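Please open the model in your viewer and keep the sequence panel beside it. The tour below moves from one selection to the next and says what is found at each stop.

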Amino acid sequence: MVKNRWIEAEARALAEAAGESEAEQALALVIHASRLIGADRDLVLHGGGNTSVKVKRPDLFGNLRDVIHVKGSGHDLAEITREGMPGLWLDELLPLRGLDRLQDEDMVNALRGAMLDASGPNPSIETLLHAFLPHRFVLHTHATAMIALADMPNAPEVIREIFGERMGVVPFFKPGFDLGRAAVGTFEENPEVEGLILLNHGHFAFGGSAREAYERLVEQTTAVEEWFAANRWPARVHSSPEPRRAVEVLPLLRGACGAVSAAHSGNRDAPMPVIDLRRSDEIDAFLMREDLDILADAGVATPDHVIRTKNWPVVLRPGDEIAAAVSAYAERYRSYFERNAARHPEDRTMLDPAPNVAWIPGLGIAGIGHDARAASQAADLAEQNIRAMAMAQGASGYRPVGEAQLFDMEYWSLEQAKLGRTRPELSGKVVIVTGGAGAIGLATAQAFAARGANVFLVDLSQEALDSALESLGEGHDGLALDITLDGAAASAVEAAVRRFGGVDILVSNAGAAWTGAIAELDDALLRKSFELNFFAHLAFSQATVAILRAQGRGGQLLFNVSKQSVNPGKNFGAYGLPKATTFFLVKQLALELGPEGIRANGINADRIRSGLLDDEFIAQRARARGIDEETYMAGNLLRREVEARHVAEGFVALALAERTTAHVLTVDGGNIEASLR
Ligand SMILES: [Zn+2]
């Protein structure tokens, strides 16, 4: 349920902090109302919705003119600031209403031309609607209950039943000039209305003050929520399906989407998407509905969602062949595109036809996107969508906008521009890093994250893991466990699959050094070292390969080997022996997995400040050689200390070297004795 978050004292303090200017105070208040709206996930999601305020400001000639501040495109209401609310001269926008038609590109150009600050962000696509309405404060949302209402076949009657004459009803138009004109037309038929419901789209509320507009928005949304609570028929459901495991479904789905993308783009190595799985009692109940297929075919609840979710989900029931289901989806999407593109005057280029949402009875619903953020946005919208579907279907039926209008929105040049941004080179690659909270592990995670990858850290210490994850920011995850335990690698890899849908790259990095003269070496100590420095590497590579095989699109295994694997140090046998075995493992994996496109490479690093080589140890070894610590750390051909970040860059370089396998890269500043052929 939406709630009223307005606190008058808080609003007054913000307005006062904005200074003496009435315009600045009004702007501060609309920003406040916008943030309150943004805080409510049942009102808006991910850049959805927009707000505006009309003020007076002097121009360069000292004339006081009307100005509208409206949300800038690409800004999110939850975090909006003054910079996200560009101002436009209202007297330059109002005459546009007299035009018979206005192309989208011309509209955007006219909006930009009317801006007070030419360097500001593009004003919202719904700016003209805000501008044409006379109210000082105008707020627009796509609240779950409102889109459910707007998608019912008898929406106008229900709106009248709930609101009487207080609410205007606007027929569906694509956002922009036509919608702006239709909305103000509806308002003018009855200037007493306190809000507008846009059929198949969303809701506008307005008022003379920010508080009035916001409270009307909340009150009107609440009235609709209450109507649905009182008008709810239980859905007929199937008995609950056998629960399924993410690891048995998502890698297949991910691989199938990757195959569709590869065929579409003509790039064999096209990246696979990230998958964000959601499960809850509400989702489980929805997926048991008898009318699931009907709803899956009905389409999205608001066209605002279509660029992130497409019009339909792919439905994957137990027993369905996943690759076949995904390719049938892509075929269906292609014919939808061809059917609708044919009636378009301008050429349109088909988007990647892979699904962006999956409904998986027995598992949950999944958002599918080019990286973790896009997948999470698709999942959020998919969740809101099923909630709206269930509400409408439980009352008088769910009838969203038809495919022709939907196509116009999906293939609208302005929306397409939002998607065309270039992505970082490792965007959406899922990378598991073991020992991920240590010096080399974290530096490696940071280096991959900086290139757009989504990282899953595995580390022994929960505390270290938490702080490492915090330093990485959003879009990454991890698990704390002892990787030498039986089954640990498999459960860590499975956790990464549950979180991101699969794996692309393993950086098997965790290690620890034990010392002792080889002639008297304790057997138990050597075995312990083998557990971590060899068997954990083997177990992680096996668990990862199982996922890579399910995805069927190659992948790679990277190992932190060690200079010790080829150049033994005195008393380091307990470390060098398993590392030498791991060196061999790289070659064995490369040999056996190459035909499947799975590469295996490693790094031999030496003398890096880390858990293995801490300050105390460095001091001790420098003393033993009679040199200072700095000289000791720079004891290589280049005479420069090698840092964790240099090893990290080595891993990234190997990840990007697409035709390199069975290779071990040396990152030690140069050491002739340890150099490979
Ligand atoms: Zn909208």
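## First stop: Leu90

Select Leu90 and show its neighbours: leaving aside residues up to four places away in sequence, Leu90 touches Lys54, Asp66, Val67, Ile68 and Ala131, where contact means heavy atoms within 4.5 Å. This is a predicted model, in which local features need pLDDT of at least 70 and side-chain atom pairs count only at pLDDT 80 or more, while totals for chains, interfaces and linings use all residues. Residues are numbered from 1 along each chain as its sequence is written, and side-chain values use heavy atoms, with hydrogens and water left out.

Leu90 belongs to helix α3 (residues 90-93); helices (H or I, at least four residues) and strands (E, at least two) are DSSP runs, numbered from the N terminus. With 7% relative accessibility, Leu90 counts as buried, a term that means under 20% relative accessible area, whereas exposed means over 50% and partly exposed lies in between (1.4 Å probe, protein chains only).

## The whole chain

Zoom out until the whole chain is in view, and its C-alpha atoms fill a box of roughly 95 × 65 × 45 Å, taken along the principal axes. The chain has 25 helices and 18 strands, and 55% of its 677 residues count as buried. Among contacts between residues at least 6 apart in sequence, 72% join residues at least 24 apart.

## The zinc ion

Which residues coordinate the zinc ion? Select His140, His142 and His201, each of which contributes its NE2 atom at 2.1 to 2.2 Å; donors are N, O and S atoms within 2.8 Å of the metal (3.2 Å for Na, K and Ca), and sites may look incomplete because water is not among the atoms. Along the chain, these donors follow the spacing H-x1-H-x58-H. His140, in strand β4 (residues 137-141), and His201, in the loop between β6 (195-198) and β7 (202-207), are 61 residues apart, so this pair links distant parts of the chain. Both residues are buried, His140 with a relative accessible area of 0% and His201 at 1%.

## Helices α7 and α9

Next, display helix α7 (residues 155-163) together with helix α9 (residues 210-230), which pack at an angle of about 110° with their axes 10 Å apart; axes are lines fitted to C-alpha atoms, for helices over the stretch in contact, and angles run from 0 to 180 degrees between N-to-C directions. That angle makes α7 roughly perpendicular to α9, a label that covers 65 to 115 degrees, with angles under 35 counted as roughly parallel, over 145 as roughly antiparallel and the rest as oblique.

To see the contact itself, show the side chains of Val158, Glu161, Ile162 and Phe163 on α7 and of Gln220, Ala223, Val224 and Trp227 on α9.

## Two residues with positive phi

Finish in two loops. Lys310 lies between α13 (306-309) and β9 (314-315), and its phi is near 60°, a positive value in a residue other than glycine; Lys310 is buried, with a relative accessible area of 6%. Asn571, in the loop between β16 (555-560) and α22 (573-593), also has a positive phi, near 70°, but at 44% relative accessibility Asn571 counts as partly exposed.
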